[in-house]
Amino acid sequence: MNPKRVNNIATGVIFALVGIVVAILLFLIGYILFNGVPNISWKFLTTSAQAFSSGGGIRDQLFNSLYLLVLTLILSFPIALGAGIYLAEYAPDNWVTNLIRTTIEVLSSLPSVVVGLFGYLFLVIQLQLSFSILSGAIALTFFNLPLLTRSIEESLNSVSSLQKEAGKSLGLSDWKTITKILLPVALPGILTGVILSAGRVFGEAAALIYTAGQSAPAVNYGNWNFLDPTSFLNPMRPAETLAVHIWKVNTESVTPDAHLISSASSAVLIIVILIFNLGARYLGNHLYKKMTATK
Amino acid sequence: MKTYNFDESYIADVPGEKEITAKDVQVFYGDNHAIFNANLKFLRNKVTSLIGASGSGKSTFLRCLNRMNDRIATVKGEIDYQGTNINSKNVNVYEVRKQIGMVFQRPNPFAKSIRENMTFALKENGIKSKDKLEERIESSLKEAALWDEVKDELDKSALALSGGQQQRLCIARAIAMRPNILLLDEPCSALDPISTLKIEETVVRLKENYTIIIVTHNMGQATRISDYTAFFHLGHVIEYDATKNIFENPSMQATSDYISGDFG
């Protein structure tokens with residue numbers, strides 16, 4: 001076969017494979033949105049869930065998911081940033097560093113049920129944090145750390161070493177060079193890591209059933225004192241998230257409209273992830289342009 | 001490759017006020033011995049070229065002079081700068097690098113605006129006054145012959161400049177720190193002939209205020225801009241003398257072979 005023909009066949013196969021991926025994706029998203037969106041209403045988004053009767057909403061679950069995401073990022077981002085910077089810029093190339101990298105990889109491949117049960121035994125029971133958003137956020141931090149650390153490390157590594165040399169040659173400390181010169185350039189890559197991990201946090205159910213719990217007690221959205229048990233900001237209250245809710249209405253619930261609720265919730269979940277994704281990209285681009293003066 | 005006797009070298013005792021002196025400098029990358037006993041004296045407000053084939057150690061040697069080899073290679077010996085051995089452990093390397101600036105082979109402006117490229121390190125060093133910063137930007141860009149081309153677009157990204165402009169920006173950024181010595185590591189190797197010529201003109205003008213040490217592959221460049229030249233071969237300094245002597249009347253056979261192209 002001549003090279004031209006080989007090339008045509010290879011290109012055709014690649015296009016076909018990409019087509020399959022896109023088709024599966026479009027089918028899934030289309031199916032979920034098609035079934036879910038007609039059932040979404042303002043009332044659905046703003047009323048609380050019903051245990052036995054139909055017509056329940058997802059207000060608390062939706063808020064819990066968002067709040068959990070924020071708490072998880074607050075816990076995991078600083079740790080991952082430190083670890084990523086260490087691995088990319090400071091870690092010597094020896095067996096200790098390799099051991100750290102391997103450990104991180106193992107952590108990222110733990111089944112979420114295992115992390116959930118560990119969180120239950122250690123956080124909920126041993127540390128007496130009870131079923132709470134905080135327990136859930138800590139459990140999710142275990143998932144988040146490897147993904148975030150890796151993406152921060154790789155984004156920093158992809159910045160040209162010439163930039164680092166430039167900083168060094170001007171008498172800047174390593175720390176200043178890393179934080180003020182390398183990090184702004186690495187920002188888009190870091191942001192991708194945050195978005196990916198946020199999607200995972202938002203969609204996680206198994207680990208949360210055992211840590212954040214399956215109940216969504218009534219909370220007062222006007223109470224900003226996060227130490228008050230009725231406050232919506234209290235991190236020590238149990239909090240069923242949207243993904244857990246979808247699981248629950250499909251397995252344990254006796255509400256007659258469980259099917260409607262779960263399809264609408266799935267659609268909301270996808271839409272919120274999409275909004276978060278686009279929002280984070282927009283914000284990131286804005287920051288990147290501002291810091292690097294590219295227009 | 002021809003073999004030469006490295007026990008012999010010709011290091012001329014150049015007359016003049018010395019700025020920085022290397023005494024028995026040796027460099028090791030792990031077990032690899034990269035520089036053997038380099039003894040060189042660089043004169044104030046002169047341009048000195050370091051020439052030699054790839055792998056001769058000239059860039060490695062240059063990077064010793066402002067401690068850029070820290071954490072990369074082991075540097076032994078003494079580097080005397082204003083009466084201090086700056087190769088000793090307890091020297092403040094950040095201060096050394098402020099006084100001994102460097103420009104690299106490939107232009108490496110920060111991914112920031114032209115203005116921020118100029119002011120970033122200055123601000124970190126405590127120069128906050130806006131007037132003073134503006135004055136530094138203008139005078140340094142003028143010294144690097146870039147001011148006329150960029151004065152109206154200081155807030156544009158430095159990465160939008162051409163390669164030659166980027167390299168002159170890097171020179172301007174280095175001299176904005178008001179160093180005493182400027183180390184140039186093959187600054188023109190990534191540039192076209194016209195940009196190269198502009199950098200060469202700039203270098204010749206800069207020696208009024210700075211001591212310049214430049215690594216170059218281009219022997220024409222060495223003859224055009226430098227007062228003194230050191231020839232490196234396989235980690236040894238073979239010959240050091242006035243540029244005119246090196247190129248017209250070299251003392252060592254290796255130097256003579258290298259500059260005539262009859263080498264290896």
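Predicted model: local features only at pLDDT ≥ 70, side-chain atom pairs only at ≥ 80, totals over all residues.
Local features need pLDDT of at least 70 and side-chain atom pairs count only at pLDDT 80 or more, while totals for chains, interfaces and linings use all residues; side-chain values use heavy atoms, without hydrogens and water. Residues are numbered from 1 along each chain as its sequence is written, chains are lettered from A and ligands numbered from 1 in the order in which they are written.

Side chains of opposite charge can pair when their charged atoms come close. A salt bridge is a side-chain nitrogen of Lys or Arg within 4 Å of a carboxyl oxygen of Asp or Glu. Over all chains, the structure holds 27 salt bridges. One of them pairs Glu124(B) with Lys176(A), with the closest N and O atoms 3.7 Å apart. Glu124(B) lies in helix H3 (residues 114–124) of chain B and Lys176(A) in helix H8 (residues 174–203) of chain A, so this pair joins two chains. Helices (H or I, at least four residues) and strands (E, at least two) are DSSP runs, numbered from the N terminus. Glu124(B) is partly exposed, at 29% relative accessible area. Lys176(A) is also partly exposed, at 26%. Buried means under 20% relative accessible area, exposed over 50%, and partly exposed in between (1.4 Å probe, protein chains only).

Within chain B, Lys23(B) and Glu78(B) form a salt bridge of 3.9 Å, N to O. Lys23(B) belongs to strand E2 (residues 18–29) and Glu78(B) to strand E5 (residues 74–81), so the bridge ties together parts that are 55 residues apart in sequence. Lys23(B) is partly exposed at 38%, and Glu78(B) is partly exposed at 35%.

Lys207(B) and Asp227(B) form another salt bridge, with the closest N and O atoms 3.1 Å apart. Lys207(B) sits in the loop between helix H7 (193–206) and strand E9 (211–215), and Asp227(B) in the loop between helix H8 (219–225) and strand E10 (228–233), so the pair ties together parts that are 20 residues apart in sequence. In chain A, salt bridges that share partners join Arg101(A), Glu105(A), Arg150(A) and Glu153(A) into one network.

Aromatic rings also meet. Rings of Phe, Tyr and Trp (its six-membered ring) pair if their centres lie within 6.5 Å. The count is 12 aromatic pairs over all chains. Phe42(B), Phe61(B), Tyr228(B), Phe232(B) and Tyr240(B) form one aromatic cluster.

Charges sit over rings too (NZ of Lys or CZ of Arg within 6 Å of the ring centre and within 35 degrees of the ring normal). The charged end of Lys112(B) lies over the ring of Phe120(B), 5.3 Å from its centre. The charged end of Arg173(B) lies over the ring of Phe110(B), 4.4 Å from its centre.

How values were computed
Phe/Tyr/Trp six-rings, centres within 6.5 Å; stacked < 30°, edge-to-face > 60°.
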